[in-house]
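Biologist: Could you show me how to read a protein model? I'd like to go feature by feature.

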Amino acid sequence: MKINSAEFVISNSDVTKCPKDNLPEYAFIGRSNVGKSTLINMLTGRKSLAKTSGRPGKTQLINHFIINKTWFLVDLPGYGYARVSKSAKKVFQKFITSYFSKRTQLVCAFVLVDSRHEPQKIDLEFMQWLGENQIPFSIIFTKADKLSKTKLSPQINTYIGKMLEYWEEMPNYFITSSTSGLGKEEVLNYISEINSQLKIS
Ligand code: GDP
């Protein structure tokens, strides 16, 4: 898919104030510092569409962007930032729960995980929760350039092995690097295919 336009629409913390347009929506979520903002900028080919933040855990907002005037890309807050207080975590949980349960136009959530790390409890639990709530998701492995080719594939296989302890099948997954552009076409084509099934060009 070629990105012809990518525009910021609205940021907010209230799901009822998200855009009313009934366009297909794709959400990006993951632990703080996983490389979400950089990935969004890489996918859209815009240098600073999503704000790469030097202060993880700071932006607790749902950010909507409209792409090619036909679908929404949603940048959700990073989770699992240790310095956020317990009460802030609770607010976050509620807010994310209501986003996922109320946003019926959500087509797919992309859960970002850092390729270099062992499977993290918080990510596994989050995916479990998505599964229990029948929210379709795919995994995006980020920062693949930080591992050598010989290390990358066993690392991904370890992740798949862990997932298969919980899941009958491995969800769709993409291996990406925002530095090299690895995985860009695959992710965009995946979105494009779903959009065309939904009859949106
Ligand atoms: P966010 O908190 O998930 O939005 O993470 P950011 O997009 O701000 O990225 C966190 C850090 O990881 C920044 O220093 C980025 O430059 C770096 N980073 C993000 N993606 C990649 C990648 O694909 N490769 C490399 N080498 N660094 C990355």
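**Contacts, cores and a ligand**

Modeller: Let's start with one residue. If we skip its neighbours within four places in sequence, Q155 is in contact with S115, R116, H117, E118 and L147. Keep in mind that this is a predicted model.

Biologist: Where does Q155 sit, and is Q155 buried or exposed?

Modeller: Q155 is part of helix α4. Buried means under 20% relative accessible area, so Q155, at 16% relative accessibility, counts as buried. Its side chain also reaches the backbone oxygen of R116, at 3.0 Å.

Biologist: What about the nonpolar residues? How should I think about them?

Modeller: Here's the general idea: in soluble globular proteins, nonpolar side chains tend to be buried together. In this model, the largest nonpolar core has 36 residues, and Y99, F100 and I139 have the most contacts inside it. Several elements each supply at least two residues of this core, among them α2 (86-102), β5 (106-114) and α4 (149-163).

Biologist: Which residues does Y99 touch?

Modeller: Not counting residues up to four places away in sequence, Y99 touches V15, E25, A27, I62, V74, L76 and L106. There is also a second, separate core of 25 residues, which includes V34, L49, I67 and L188.

Biologist: How do I read a helix, say α3?

Modeller: Begin with its length. At 1.5 Å a residue, the 12 residues of α3 should span 16 Å, and its end C-alpha atoms are 16 Å apart, which agrees. Then ask which residues are buried: in α3 they are D123, L124, F126, M127 and L130. These cover an arc of only 160° around the axis, so they lie on the same side of α3. The face turned away from that buried side carries the exposed residues K121 and E132. After α3 comes Q134, with a positive phi near 55°.

Biologist: Which other residues have a positive phi?

Modeller: Look at the loop between β3 and β4, where you'll find N68 and K69. N68 has a positive phi of about 50° although it is not a glycine, and K69, not a glycine either, has a positive phi of about 55°. Now check their accessibility: N68 is buried, with a relative accessible area of 17%, whereas K69 is exposed, with 57%.

Biologist: Can we try another loop residue?

Modeller: At 12% relative accessibility, Q105 counts as buried. Leaving aside neighbours within four places in sequence, its contacts are P19, K20, D21, N22, L23, P24 and E25. For contrast, Q93 lies in helix α2 and counts as exposed, at 52% relative accessibility. Q93 and Y79 are 14 residues apart in sequence, and their C-alpha atoms are 9.0 Å apart in space.

Biologist: And the ligand? Which residues come nearest?

Modeller: Of the 15 residues around the ligand, K36, S37, T38, D145 and S178 come nearest. Next, look at the atom pairs. An N or O atom in the side chain of S37 is 2.5 Å from an oxygen atom of the ligand, and one in the side chain of D145 is 2.7 Å from a nitrogen atom of the ligand. With G35 the backbone is involved: one of its N or O atoms lies 3.0 Å from an oxygen atom of the ligand.

Terms used
Residues are numbered from 1 along each chain as its sequence is written. This is a predicted model: local features need pLDDT of at least 70, side-chain atom pairs count only at pLDDT 80 or more; totals for chains, interfaces and linings use all residues. Side-chain values use heavy atoms; hydrogens and water are left out. A nonpolar core is a set of buried Ala, Val, Leu, Ile, Met, Phe, Trp, Tyr and Cys residues joined through side-chain atoms within 4.5 Å. Buried means under 20% relative accessible area, exposed over 50%, partly exposed in between (1.4 Å probe, protein chains only). Helices (H or I, at least four residues) and strands (E, at least two) are DSSP runs, numbered from the N terminus. Contact means heavy atoms within 4.5 Å. A polar contact is a pair of N or O atoms within 3.5 Å; within protein, one must be able to donate a hydrogen and the other to accept it, and residues adjacent in sequence count only if both atoms are side-chain atoms. The expected span of a helix is 1.5 Å times one less than its number of residues. The arc is that of the directions from the helix axis to the C-beta atoms. A residue is near a molecule or strand if one of its heavy atoms lies within 4 Å of it.
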